[in-house]
Amino acid sequence: MPNIRWLLSLITSVHRFLYRATGGWIGHATLGFRFLLLGCTGHKTGLERQIPLLYVKDDDRFVVVASNAGDPRPPAWWTNLRAKPEAWVQAGRERTEVRAREATPEEAEKLWPLLVDAYRWYDTYRERAGRPIPLVLLEPA
């Protein structure tokens with residue numbers, strides 16, 4: 001598979017810019033998918049990081065996948081959340097303070113089909129990654 005990290009980085013930067021610039025009006029529902037904007041603290045720098053992520057809702061919590069597009073390395077945002085689980089999400093125009101945690105195996109088994117329904121390539125990412133892919137629950141703080 002060709003290295004397209006630069007393209008993913010560019011798309012993410014544009015998505016984040018549009019989400020912030022429009023207060024979530026552009027970027028929340030894109031190409032039939034729902035995205036949130038996650039704000040967390042960099043574990044090395046202490047600086048705020050913001051990343052758009054595809055999500056599904058499960059009651060009052062947001063569920064995201066730490067797939068890193070099937071890369072063998074976990075995404076930086078998940079490394080950051082493991083170090084400091086307090087964060088915020090913006091879904092559309094609504095901003096919520098959250099605390100992140102990894103789904104238990106039982107929760108993950110229940111939630112995985114919902115995530116694959118939202119984005120069918122998650123199964124491919126799981127096969128390609130060669131590592132367990134955590135499901136991350138972002139629960140209201």
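**Briefing: burial, ring pairs and charge pairs**

Gln-50 counts as buried, its relative accessibility being 16%; buried here means under 20% relative accessible area, exposed means over 50%, and partly exposed covers what lies in between (1.4 Å probe, protein chains only). The model is predicted, so local features need pLDDT of at least 70 and side-chain atom pairs count only at pLDDT 80 or more, while totals for chains, interfaces and linings use all residues. Residues are numbered from 1 along each chain as its sequence is written, and side-chain values use heavy atoms, with hydrogens and water left out. The structure holds eight aromatic pairs and eight salt bridges.

**Surroundings of Gln-50**

- Gln-50 belongs to strand S3, which spans residues 48-54; strands (E, at least two residues) and helices (H or I, at least four) are DSSP runs numbered from the N terminus.
- The Gln-50 side chain makes polar contacts with two side chains, that of Glu-48 at 2.8 Å and that of Arg-20 at 3.2 Å.
- A polar contact is a pair of N or O atoms within 3.5 Å; within protein, one atom must be able to donate a hydrogen and the other to accept it, and residues adjacent in sequence count only if both atoms are side-chain atoms.
- When residues up to four places away in sequence are not counted, Gln-50 touches Arg-16, Arg-20, Leu-37, Leu-38, Gly-39 and Trp-88, where contact means heavy atoms within 4.5 Å.

**Nonpolar surface patch**

- Ile-4, Trp-6, Leu-7, Leu-8, Leu-10, Ile-11, Val-14, Phe-17, Leu-18, Trp-25 and Ile-26 make a nonpolar surface patch of about 1,100 Å².
- Patches consist of residues with over 30% relative accessible area and no salt bridge, like charges being joined within 9 Å and nonpolar side chains (Val, Leu, Ile, Met, Phe, Trp, Tyr) within 5 Å.
- The accessible areas come from the Shrake-Rupley method with a 1.4 Å probe; for residues, only the protein chains shown count as cover.
- Val-14, one of the patch residues, is found in helix H1 (residues 5-21) and is partly exposed at 43% relative accessibility.

**Aromatic pairs**

- Rings of Phe, Tyr and Trp (its six-membered ring) pair if their centres lie within 6.5 Å; planes under 30 degrees apart are stacked, those over 60 are edge-to-face and the rest are tilted.
- Among the eight aromatic pairs, Tyr-55 and Phe-62 form an edge-to-face pair, with 5.5 Å centre to centre and 65° between the planes.
- Both partners are buried, Tyr-55 with a relative accessible area of 5% and Phe-62 with 6%.
- Trp-77 and Trp-78 also pair edge-to-face, at 6.5 Å centre to centre and 65° between the planes.
- Trp-77 is buried with a relative accessible area of 9%, and Trp-78 is buried at 4%.
- Phe-33, Trp-112, Tyr-119, Trp-121, Tyr-122 and Tyr-125 are linked by ring pairs into a cluster.

**Salt bridges**

- Side chains of opposite charge can pair when their charged atoms come close.
- A salt bridge is a side-chain nitrogen of Lys or Arg within 4 Å of a carboxyl oxygen of Asp or Glu.
- Arg-61 forms a salt bridge with Glu-107, and their closest N and O atoms are 3.5 Å apart.
- Because Arg-61 lies in strand S5 (residues 61-65) and Glu-107 in helix H3 (residues 105-118), this pair ties together parts that are 46 residues apart in sequence.
- Arg-61 is buried with a relative accessible area of 13%, and Glu-107 is buried at 17% relative accessibility.
- Glu-139 forms a salt bridge with Arg-61, the closest N and O atoms being 3.3 Å apart.
- Glu-139 lies in strand S8 (residues 135-140) and Arg-61 in strand S5, so this pair ties together parts 78 residues apart in sequence.
- Glu-139 is partly exposed, with a relative accessible area of 22%.
- Arg-61, Glu-107 and Glu-139 belong to a network of salt bridges that also links Asp-58, Arg-101 and Lys-110.
- Glu-86 forms a salt bridge with Arg-99, with 2.2 Å between the closest N and O atoms.
- That pair links distant parts of the chain, 13 residues apart, with Glu-86 in strand S6 (residues 86-91) and Arg-99 in strand S7 (residues 94-102).
- Glu-86 is partly exposed with a relative accessible area of 38%, and Arg-99 is partly exposed with 43%.

**Pro-75**

- Pro-75 lies in the loop between S5 and helix H2 (76-83) and is buried, with a relative accessible area of 4%.
- Leaving aside neighbours within four places in sequence, Pro-75 is in contact with Ala-66, Asn-68 and Arg-131.
- Pro-75 and Val-65 are ten residues apart in sequence and 9.6 Å apart in space, C-alpha to C-alpha.
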